[in-house]
Amino acid sequence: MTVPITFDPGCDAPPEVFVSAAEAAEHITADCLRDGPVGRVGLEIEAHSFDLAHPGRRPDWREVTDAIAGVPALPGGSRITVEPGGAVELSGPPADGAVTAIAAMTSDRALLRAAFAQQGLGLALLGADPLRRPRRVNPGARYAAMESFFTASGTGAAGAFMMTATASVQLNLDAGPRRGWADRVRLAHALGPTMIAVTANSPLLAGRFSGWQSSRQWVWGELDEARCGPVLGERADDPASDWARYALRAPVMLVRNPEPVAVTDWVPFADWADGRTLLGGRRPTREDLTYHLTTLFPPVRPRRWLEIRYLDAVSDALWPAVAFTLTTLLDDPVAADIAAEATESVATAWDRAARIGLGDRRLRASALRCVQTAAELAPAPVMESMQQLVRSVEEGRSPADDFADRAVAHGIGPAVRQLAKGES
């Protein structure tokens, strides 16, 4: 049951608070996945913003927002947001199938790049900023509070890199029929290391080679496992319950009162819901739980659909193939069976994938079988991108290898400038 409390005199009705962690768990499990068919695809692509004349300088908030103000109406319907360090994200609406989503995002990215170029700015698709030290330019209260939380939890450096120096390609896919949730979520996780190896595109961080093909994944791995680790439970046969346990054990990062305020002590949401600790002098409301869930960053996050978060940002030549591959391996039943078999031996090799990428023979074998399976089903609009991805995997080269070669040949700054200008 829930009981009303006085919270905001401006509300028509007082919010309801949870009286126990068990009640909060019931709320999570009832709402975290939506039963239905597969087929819809949403894409989100982040790109680091750079001053084309001086790539070592981070554009400030006004420069980025002025460039966004010059973007015309986007035909694909993407929403534009700015990450804490000035990276710009396009979030496309759900589309019927990967090919439709890819076409819409491609057109929106072209207009975004053109508007930024008019302001002397470029957008580089890399998993991590290879050149600049972390610095927040987005003045949002949420991000300031997140900084305080990470500092208090002893992960200030990793938190700063995560917030201001990483970028990804994110896929949002239907949860599918209820009877298949466990297999689908298991496969989404099992594909993680293989697809990290395929998309690893961040060999440098803050001006130095990090020793990792995906510095982005390394940074995320340095953060709290309770907030950023995989969701799967011991048996992984009930993803809704696994997510509820994960969310309740995770420490509360922020409480809105009404602006976000960092929680600098370790307080699992379950302790707040059970009343063992009161934050803001009260128990949590449903709105507090909803907000808490937005501060959890596992590689696969249930949001009624599946939000797949483990891919590095990769070039415009490759991300269509990556999006088509991952969607096909999860949505096509035959391809899903092949992917489950191909990834079985590397399903938990997250760190190895991030460090070595396709240099690991088992990850390379898994990746080759997965991308070849998707390529056999690829329609004409994505065939060129798929062929390039297959060639890269056959050669055992992650995108990180190409960028590392470019940085060595030309210098990090010029290499970044080339990417930010859209040069191949």
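Angles under 35 degrees count as roughly parallel, over 145 as roughly antiparallel, 65 to 115 as roughly perpendicular and the rest as oblique. This is a predicted model, where local features need pLDDT of at least 70 and side-chain atom pairs count only at pLDDT 80 or more, while totals for chains, interfaces and linings use all residues. Residues are numbered from 1 along each chain as its sequence is written, and side-chain values use heavy atoms, with hydrogens and water left out.

**View A. Helix 6 (residues 181-199) crosses helix 15 (residues 361-375).** Their axes come within 9 Å and cross at roughly 90°, so the two helices are roughly perpendicular to each other. On the helix 6 side, Leu191, Pro193, Thr194, Ala197 and Val198 meet Leu363, Ser366, Ala367 and Cys370 of helix 15 (contact means heavy atoms within 4.5 Å). Sorted by class, that's 7 nonpolar, 2 polar and no charged residues.

**View B. Helix 4 (residues 141-152) and its buried residues.** With 12 residues at 1.5 Å each, this helix should span 16 Å, and its end C-alpha atoms sit 17 Å apart, which agrees. Tyr143, Ala145, Met146, Phe149 and Phe150 are its buried residues (under 20% relative accessible area, 1.4 Å probe, protein chains only). After the helix comes Gly154, with a positive phi near 80°.

**View C. Thr328 in helix 12 (residues 319-331).** Thr328 has 9% relative accessibility, so it counts as buried. Setting aside neighbours within four places in sequence, Thr328 touches Ala335, Ala374 and Leu377.

Note on methods: Helices (H or I, at least four residues) and strands (E, at least two) are DSSP runs, numbered from the N terminus. The expected span of a helix is 1.5 Å times one less than its number of residues. Buried means under 20% relative accessible area, exposed over 50%, partly exposed in between (1.4 Å probe, protein chains only). Axes are lines fitted to C-alpha atoms, for helices over the stretch in contact, and angles run from 0 to 180 degrees between N-to-C directions. Ala, Val, Leu, Ile, Met, Phe, Trp, Tyr, Cys and Pro count as nonpolar, Asp, Glu, Lys and Arg as charged, and the others, Gly among them, as polar.
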